[in-house]
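Please open the structure in your viewer and keep the sequence beside it.

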Amino acid sequence: QGDILTGILAVFLHRGQARDGNQFLVAAESSCSALRECALSAYNRNGVSTIASDILSELPAVLKRFAK
């Protein structure tokens, strides 16, 4: 999940999700929250057999929610 987290963090930093001067901290917190949502959603679909690609498949929907 570390590679997924790094990718999400890069997206948030690139998009400039943080607008309050603490860009890195807010992007880090947001990326952790997004990954947590992806992993939970993947787990709810696949149970204990969840793998990284299952988490990735949840990413587009989660990122859309974070873009709002």
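A polar contact here is a pair of N or O atoms within 3.5 Å, where, within protein, one atom must be able to donate a hydrogen and the other to accept it. Bear in mind throughout that this is a predicted model.

With that definition in hand, select Glu58 and Arg45, whose side chains are joined by a polar contact of 3.0 Å. Glu58 lies in helix 3, and although its side chain makes this contact, the residue is buried, with a relative accessible area of 8%. If you display the surroundings of Glu58, leaving aside residues up to four places away in sequence, you will find that Glu58 touches Cys38, Ser41, Ala42 and Arg45.

Next, select helix 1, residues 2-15, which has 14 residues and reaches 20 Å from its first C-alpha to its last, close to the 20 Å expected at 1.5 Å a residue. Colour Ile4, Ile8 and Phe12, which are the buried residues to look for in this helix. Because they cover an arc of only 70° around the axis, they sit on the same side of helix 1. The buried residues of helix 1 pack against helix 2 and helix 3, whereas the face turned away from the buried side carries the exposed residues Asp3, Thr6 and His14.

From here, widen the view to the largest nonpolar core, which has 13 residues and in which Ile8, Phe12 and Ile55 have the most contacts. Helix 1, helix 2 (23-46) and helix 3 (52-67) each supply at least two residues of this core, with helix 2 giving the most, six residues.

For the last stop, select the cysteines Cys32 and Cys38. Which of these two is buried, and which is partly exposed? Cys38 is buried, with a relative accessible area of 0%, while Cys32, at 38% relative accessibility, counts as partly exposed. The structure holds zero disulfides, and the sulfur of Cys38 is 12 Å from the closest cysteine sulfur, in Cys32, which is too far for a bond.

Conventions. Residues numbered from 1 in each chain as written. Predicted model: local features only at pLDDT ≥ 70, side-chain atom pairs only at ≥ 80, totals over all residues. Heavy atoms only, no water. Core = buried A, V, L, I, M, F, W, Y, C linked by side-chain atoms within 4.5 Å. Buried < 20%, exposed > 50% of the residue type's maximum accessible area, 1.4 Å probe, protein only. Helix = DSSP H or I, 4+ residues; strand = E, 2+ residues; numbered from the N terminus. Contact = heavy atoms within 4.5 Å. Expected span 1.5 Å × (residues − 1). Arc of directions from axis to C-beta. Disulfide = S-S within 2.5 Å.
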